Amino acid sequence: MTTPIALTIAGSDSSGGAGIQADLKTFAALGVYGASVITALTAQNTQGVSGIHAVPAEFVTAQIDAVFSDLAVGAVKIGMVAQPAVMDAIVAGLTRWSPKHVVLDPVMVATSGDRLLAAEAVEALRSKLIPLAAVITPNLPEAAALLDEPIAMSEAAVEDQGRRLLAMGCKAVLIKGGHGQGSESIDYLIDAKGVIALAAPRVATKNTHGTGCSLSSAIAAGLAKGEAMETAVRNAKAFVSAAISAADRFSVGHGHGPIHHFQKFY
């Protein structure tokens, strides 16, 4: 019996709704064993981020080597990486251990609007991390920020941005439409074969904390289980859509509450 294992390399959310905590909940909900490398500690709740404490790069390296030297990691999800030195440590670690699948969620801005990525780290994200990724999962504002241009306002513009992000060296791009308008939230999966539009009804709830983290970790979980990229992305979107739909069954915090990762169970 082989146990599917996924590793999240990301920041800790002290309120438990996003970051490492959301990733591990997602892995568990989808039947995958989760390991973690913590890149930063945040003082955070449903209303915002009040502090960020970066983990030293050498300790990020120590965590990566500890996990890979012992666990058969099937896929890696990378989330919040606040500092260039930590990014370099991750790039070196992934190059050293060569995991089969890397899912990169270019976390730049929290749901609350707080900026999570140092300006000097953006170029390193573009040039060093993106080329290692099987798929990157920016939302509309993040895709625009990576290209240093306005947010795409049409399907054609989204596809154009996706193709130019693809040219940065990743194998696929999933641009998430949660920040868009209309009755449906449409994500676009762009790779060398073309574009696939993935639509889901837009849910009227303020409880969307951790949505992006959970989607990228759900994709990693699918890849760790051996799913093809399109299948992993479709299943991940279905999982997150259900978790958002059930989010109002929770009453957690006074701001953007968490989605319900375990809605199938309670």
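What is the accessible surface of the protein chain, and what share of it belongs to carbon and sulfur atoms? The accessible surface comes to about 11300 Å², and carbon and sulfur atoms hold 56% of it. The views below are taken from a predicted model.

**Figure 1. Overview of the protein chain, with 8 helices and 9 strands.** The C-alpha trace spans about 45 × 40 × 40 Å along its principal axes. A compact globule of 266 residues would have a radius of gyration near 18 Å, and the 17 Å of the protein chain agrees with this. Of the 266 residues, 52% are buried. Among contacts with a separation of 6 or more, 65% join residues 24 or more positions apart.

**Figure 2. Cys170 and Cys213, two cysteines without a disulfide partner.** A search of the whole structure finds 0 disulfides. For Cys170, the nearest cysteine sulfur is that of Cys213, 19 Å away. A disulfide requires sulfur atoms within 2.5 Å. The sulfur of Cys213 has its closest cysteine sulfur in Cys170, and at 19 Å this is too far for a bond. Cys170 counts as buried because its relative accessibility is 6%. Cys213 is also buried, with a relative accessible area of 14%.

**Figure 3. Thr137 in the loop between strand S6 and helix H5.** Strand S6 covers residues 135–136 and helix H5 covers 140–147. With 1% relative accessibility, Thr137 counts as buried. Leaving out residues up to four places away in sequence, Thr137 touches Val103, Leu104, Asp105 and Pro106, together with Glu142, Leu174, Lys176, Ser216 and Ile219.

**Figure 4. The buried residues of helix H4 and the elements they pack against.** Helix H4 comprises residues 119–129, and its buried residues are Ala121, Val122, Ala124, Leu125, Arg126 and Leu129. An α-helix has 3.6 residues a turn, so residues three or four places apart point the same way.

**Figure 5. Ala172 in strand S7.** The strand covers residues 172–175. Ala172 has a relative accessible area of 3% and is therefore buried. Apart from neighbours within four places in sequence, Ala172 is in contact with Ala134, Val135 and Ile136, with Leu166, and with Leu189, Ile190 and Asp191. Ser14 is 158 residues from Ala172 in sequence, and their C-alpha atoms are 31 Å apart in space.

**Figure 6. Ser98 and Asp148, two residues with positive phi that are not glycine.** Ser98 is found in the loop between H3 and S5. The phi of Ser98 is near 50 degrees. With a relative accessible area of 53%, Ser98 is exposed. Asp148 lies in the loop between H5 and helix H6 (155–166). The phi of Asp148 is about 55 degrees. Asp148 is exposed as well, with a relative accessible area of 66%.

Note on methods: Residues numbered from 1 in each chain as written. Predicted model: local features only at pLDDT ≥ 70, side-chain atom pairs only at ≥ 80, totals over all residues. Heavy atoms only, no water. Helix = DSSP H or I, 4+ residues; strand = E, 2+ residues; numbered from the N terminus. Rg over C-alpha atoms; globule rule 2.2 N^0.38 Å. Buried < 20%, exposed > 50% of the residue type's maximum accessible area, 1.4 Å probe, protein only. Contact = heavy atoms within 4.5 Å. Areas by Shrake-Rupley, 256 points an atom, 1.4 Å probe, with all protein chains shown as cover.
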